[in-house]
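Biologist: Hi, I'm new to this one. Could you walk me through it?
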Amino acid sequence: MPLLQISNLSKSFGGVHAVQDVQFSVPAGVIFSVIGPNGAGKTTLFNLITGIYTPDTGSIRLDGAEIVGTPTSALAALGIARTFQNLQICMNMSALENVMVGAHLRLDRNPLKAALRLPSLVSRDRELADEAAELMAFVGLKDQVKAQSDSLAYGMLKRLEIARALALKPKLIFLDEPAAGLNPRETDDVADLIRHISESGITVVLVEHDMKMVMKLSDRILVMDYGKTLIEGTPEEVRANPEVIAAYLGADA
Ligand SMILES: Nc1ncnc2c1ncn2[C@@H]1O[C@H](COP(=O)(O)OP(=O)(O)OP(=O)(O)O)[C@@H](O)[C@H]1O
């Protein structure tokens, strides 16, 4: 059984068919990329799977269980984490606190206990801070553990967001354009990080415009165009598909 199975998924906004009858499945352990021109429906697809939008029709199964209608917070508990195309970092918090937010989302906190600052919770906060520091080191932010978020460069903030998603201890992580706005060296570093995330046992679903990175990293690629699936296959199959070449990749891909 695939980890994630999408069937007949559709979502319209007014007259715009943002996602139209899309189906694919993501086996556990792969790096799965979604590509397509601007407006193809990639982010809408992410928003549907991560509970931000409700589909008009279709089914989304995680480990065989239907998750359509499940709120984002409950999806986090089921093991789905994501990052956003536009950074969602709280700039008035420290970098470490931002990552700890991810861990807090994972844990069931008792607000009364928190208000009373019970010793068990204080020690758990210390554990979470240690865990968050480890994750920051994992994403390459070892030297920024004590930094304020607003002092971090853009590339660092993108990594911080990945660390926060990892703090959920997900089995499936959705990365929306992790290389957008990065220079070629930073892009290579993010590609290495994504590979490490995958090697740690987390299934990765990626939306990305950097075609070199997508071709290098992905086990499978879904190509979308005008809300529909153009093709789903291995990088070799996608690269060789005439429709993809015509619609998207260009002759030099
Ligand atoms: N909340 C919304 N309300 C109205 N229309 C929307 C909404 N979200 C997306 N759309 C429309 O749906 C279509 C698909 O948009 P989407 O953002 O999913 O594409 P995308 O492939 O992620 O594009 P990009 O690569 O530019 O991020 C577009 O025509 C867009 O204008």
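This is a predicted model: local features need pLDDT of at least 70, side-chain atom pairs count only at pLDDT 80 or more; totals for chains, interfaces and linings use all residues.

Biologist: Which residue of β9 is the bridge partner of S33?
Modeller: I221 is the partner of S33 there.

Biologist: And how does β3 pair with β8?
Modeller: β3 and strand β8 (residues 203-207) run parallel too, joined by four bridges. In that pairing, S33 stands opposite L206.

Biologist: Which way do they point from β3?
Modeller: I31, S33 and I35 point one way. F32 and V34 point the other way. All of them are buried.

Biologist: Let's zoom out. How many helices and strands are there in the chain?
Modeller: The chain has 10 helices and 10 strands.

Biologist: What does the radius of gyration tell us about the chain?
Modeller: The chain has 19 Å. A compact globule of 253 residues would be near 18 Å, so the two agree. The C-alpha trace spans about 60 × 40 × 35 Å along its principal axes.

Biologist: What share of the residues in the chain is buried?
Modeller: Buried residues come to 37% of the 253.

Biologist: And what about contacts between residues at least 6 apart in sequence?
Modeller: Of those contacts, 66% join residues at least 24 apart.

Biologist: Back to strands. What is the order in the open sheet of four strands?
Modeller: The order is β2-β1-β4-β5, with antiparallel pairing. β2 and β5 (65-66) stand at the edges. Each has a single partner strand, so one side of each is left without a neighbour in the sheet.

Biologist: How many bridges join β1 to β2?
Modeller: Seven bridges join β1 (residues 4-13) to β2, and the two run antiparallel.

Biologist: New topic: the ligand. Which residues are around the ligand?
Modeller: They are F13, V16, A18, G36, N38, G39, A40, G41, K42, T43 and T44. β2 (16-26) and α1 (42-49) are the elements that give two or more residues to this shell. The largest share, three residues, comes from α1.

Biologist: How do the residues of that shell divide into nonpolar, polar and charged?
Modeller: Four are nonpolar, six are polar and one is charged.

Biologist: Last one, domains. What does the domain assignment give?
Modeller: Domain 1 is 4-79 + 170-249, and domain 2 is 92-156. Their C-alpha centres lie 28 Å apart. The contact takes seven residues from domain 1 and six residues from domain 2.

Biologist: Which helices supply the side of domain 1 that touches domain 2?
Modeller: α2 (72-78) and α7 (184-199) each supply at least two residues. α7 gives the largest share, three residues. That side of domain 1 divides into three nonpolar, two polar and two charged residues.

Key:
Residues are numbered from 1 along each chain as its sequence is written. A residue is near a molecule or strand if its C-beta atom, placed from the backbone, lies within 6 Å of it. Ala, Val, Leu, Ile, Met, Phe, Trp, Tyr, Cys and Pro count as nonpolar, Asp, Glu, Lys and Arg as charged, and the others, Gly among them, as polar. Domain bounds come from an automatic or database domain assignment. Two residues are in contact if their C-beta atoms, placed from the backbone, lie within 7 Å. The radius of gyration is taken over C-alpha atoms; the globule rule is 2.2 Å times the number of residues to the power 0.38. A residue is buried if 20 or more other C-beta atoms lie within 10 Å of its own, exposed if 12 or fewer, and partly exposed in between; C-beta atoms are placed from the backbone. Two strands pair if DSSP finds at least two bridges between them.
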